Amino acid sequence: MKHTKQITLFVSLLLVIALAFGATMSAQSGTWVSGITIQNLSDSEAANVTITFYWAEGETLAGQVAATVTATIQAGKAQTWYIPSAVTDLPDDFVGSAVVTSDVPVAANVNTQVPTTHGGSPSDPNRIGTSIGVLDPATTLYFPQVEKAYYNWNSYVAVQNTSGTGASVTIRYYSKSNGAEVTAAAQTVNVSAYSTYIFRQAENSALASNWVGSAVVSSSQPLAGIANLFNEGSTADTAAFLSYNAFTSGATTAYVPRIARNYYGFEGGLTVQNVGTSATNLTITYNFGGSEYVQTVANVQPSASAVLFLANVAELAGVMGSGSAVVESSGQPIVATVNIDYRGYVGSLANSEGRGATYNAFLEGEATDTVFFSQVASRYYGYCGGIQIQNVGSSAATVTATFSASGYSDVTVSATIASGASVQWYAPNVAVSGSDPYLQWNGSVVVTADEGDLIVGVANNSVRADTDASYGVNYGDNYSEYNGVNK
């Protein structure tokens with residue numbers, strides 16, 4: 001018997017999560033669109049998929065169906081919809097969310113971006129962020145990092161009511177330093193069935209300028225949620241747009257498959273929020289090139305966040321590269337997000353100004369022996385991508401990655417990873433396009449380890465003119481990163 005699986009997606013209205021198709025937002029100028037990629041997790045059965053689009057709260061038709069799309073996805077393959085051209089029934093001013101149903105398990109990611117016509121000059125930059133489909137909505141959502149005019153950065157939080165009944169939704173804000181609630185900033189709204197509401201921190205007068213902290217959203221009905229962080233966006237230097245998914249719970253250990261320190265001009269950041277009821281201490285073990293470096297952070301208060309910029313971590317002085325990390329709490333549950341953005345340091349990658357991305361650290365208990373990535377590219381309209389897999393088990397693990405796309409033969413690579421360490425593969429170097437490496441390849445990846453081994457991983461995509469110069473330079477933020485789905 002087949003079982004229907006449902007995923008809640010945000011195709012964006014604003015910047016963050018929701019599906020903004022031809023929409024302009026008050027916090028950010030310009031037109032925004034979305035792309036959806038759905039991966040069939042079965043290696044033997046085709047997936048019959050339906051995508052239903054719902055209007056956002058604040059629109060005349062809030063909660064009503066705007067369009068429906070059906071498709072059949074081959075076993076083990078993925079399919080991508082660039083919304084402006086692939087879903088013609090959606091009106092040009094659509095903003096809202098989507099629900100994906102399938103008769104076999106599927107995974108999905110959503111790109112929120114400006115149209116593909118942008119990026120041709122520094123004054124007309126590209127902007128993109130990626131989140132993953134939500135499989136398990138909850139009545140409480142945690143957002144470790146939100147901000148208002150924080151060094152010219154703002155954020156917004158988008159939440160979808162995943163039930164057929166209207167929901168009362170409340171957002172509360174907490175100081176990053178001591179966890180104190182900014183009580184005057186709390187907001188409560190009613191959200192129609194299946195509709196989406198967007199909380200814009202820049203429009204909350206009770207939040208001070210240059211404020212950064214965390215948020216907790218609670219509701220009478222299960223929610224799915226995402227946050228977007230963004231700066232001004234008028235030039236390539238200020239085009240960064242970062243998306244991450246809400247957390248629904250915490251754990252005492254969090255795993256970070258990929259984190260950077262002065263890596264081709266990119267720097268990493270780590271935001272760890274205490275979602276427990278008393279203060280906790282953090283121990284962070286970084287792994288770069290097989291060497292471990294340990295940092296401790298004491299007395300993180302309930303609801304407070306430790307915001308760490310790796311360039312300023314004394315224990316990492318002189319370290320350069322891409323590595324991994326494990327974050328351990330002394331007793332209270334934590335959640336964490338990982339940032340990477342371009343700072344233009346030694347060994348910089350040309351034309352990377354403005355690039356940035358965020359993903360969710362993996363919590364203890366989420367790791368399995370199989371990870372799915374719905375979209376990885378190789379020279380696909382200039383986009384090239386890769387994956388990074390972390391072994392979170394107690395002994396070395398051998399992992400196998402299978403790169404797959406319709407019309408191409410599968411390509412398989414393997415590696416052995418020490419405990420706590422990670423390995424990365426860059427799709428153009430895996431020869432996914434066969435005898436002609438310059439063919440456009442847009443596919444999915446499945447990574448497996450031996451039964452009992454535990455792995456997690458992330459994927460990234462960006463325009464790489466140094467790998468494929470046929471599309472020229474693309475200015476601004478064309479870099480995105482998202483969590484693999486464990487099964």
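This is a predicted model: local features need pLDDT of at least 70, side-chain atom pairs count only at pLDDT 80 or more; totals for chains, interfaces and linings use all residues.
The search turned up one cavity of 30 Å³ or more. Its lining is made up of Gln-39, Ala-107, Ala-108, Asn-109, Ile-132, Phe-372, Phe-373, Ser-374, Tyr-482, Asn-483 and Val-485. Three elements, β9 (106-113), β27 and β34 (480-483), each put two or more residues into that lining.

At the β35 end, β27 (residues 370-378) and β35 run antiparallel and are joined by two bridges. Here Val-371 sits opposite Asn-486 of β35.

On to the charged side chains: five salt bridges were found in the whole structure. One of them pairs Lys-77 with Asp-410, with 3.4 Å between the closest N and O atoms. This one spans distant parts of the chain, since Lys-77 is in the loop between β6 (65-73) and β7 (78-82) while Asp-410 is in the loop between β29 (397-404) and β30, 333 residues apart. The two partners come out in separate accessibility classes: Lys-77 counts as buried at 12% relative accessibility, whereas Asp-410 is partly exposed at 46%. Another bridge joins Glu-181 and Arg-172, at 3.8 Å from N to O. In this case Glu-181 is partly exposed at 30% relative accessibility, and Arg-172 is partly exposed too, with a relative accessible area of 32%. Asp-466 and Arg-464 also meet through their side chains in a salt bridge, this time at 2.8 Å from N to O.

Then there are the aromatics, where the whole-structure search gives 15 pairs. Trp-55 and Phe-94 make an edge-to-face pair, with 5.1 Å from centre to centre and 65° between the planes. Trp-55 belongs to strand β5 (residues 47-55) and Phe-94 to the loop between α1 (83-86) and β8 (95-102), so this pair ties together parts 39 residues apart in sequence. The rings of Phe-403 and Trp-441, by contrast, are tilted, because their planes meet at 50°, with the centres 6.3 Å apart. Phe-403 lies in strand β29 and Trp-441 in strand β32 (residues 441-449), so the contact ties together parts 38 residues apart in sequence. Phe-403 is buried, with a relative accessible area of 1%, and Trp-441 counts as buried at 0%. Going back to Trp-55 and Phe-94, ring pairs link these two with Phe-53 into a cluster.

Notes
Residues are numbered from 1 along each chain as its sequence is written. Side-chain values use heavy atoms; hydrogens and water are left out. Two strands pair if DSSP finds at least two bridges between them. Helices (H or I, at least four residues) and strands (E, at least two) are DSSP runs, numbered from the N terminus. On a 1 Å grid over the protein atoms alone, a cavity is a set of points where a 1.4 Å probe fits but cannot get out, and a pocket is an open set with protein on both sides within 12 Å along at least five of seven lines; lining residues have an atom within 4 Å of a point. Grid points are joined across faces, edges and corners, and a volume is the space filled by probe spheres set on the points. A salt bridge is a side-chain nitrogen of Lys or Arg within 4 Å of a carboxyl oxygen of Asp or Glu. Buried means under 20% relative accessible area, exposed over 50%, partly exposed in between (1.4 Å probe, protein chains only). Rings of Phe, Tyr and Trp (its six-membered ring) pair if their centres lie within 6.5 Å; planes under 30 degrees apart count as stacked, over 60 as edge-to-face and the rest as tilted.
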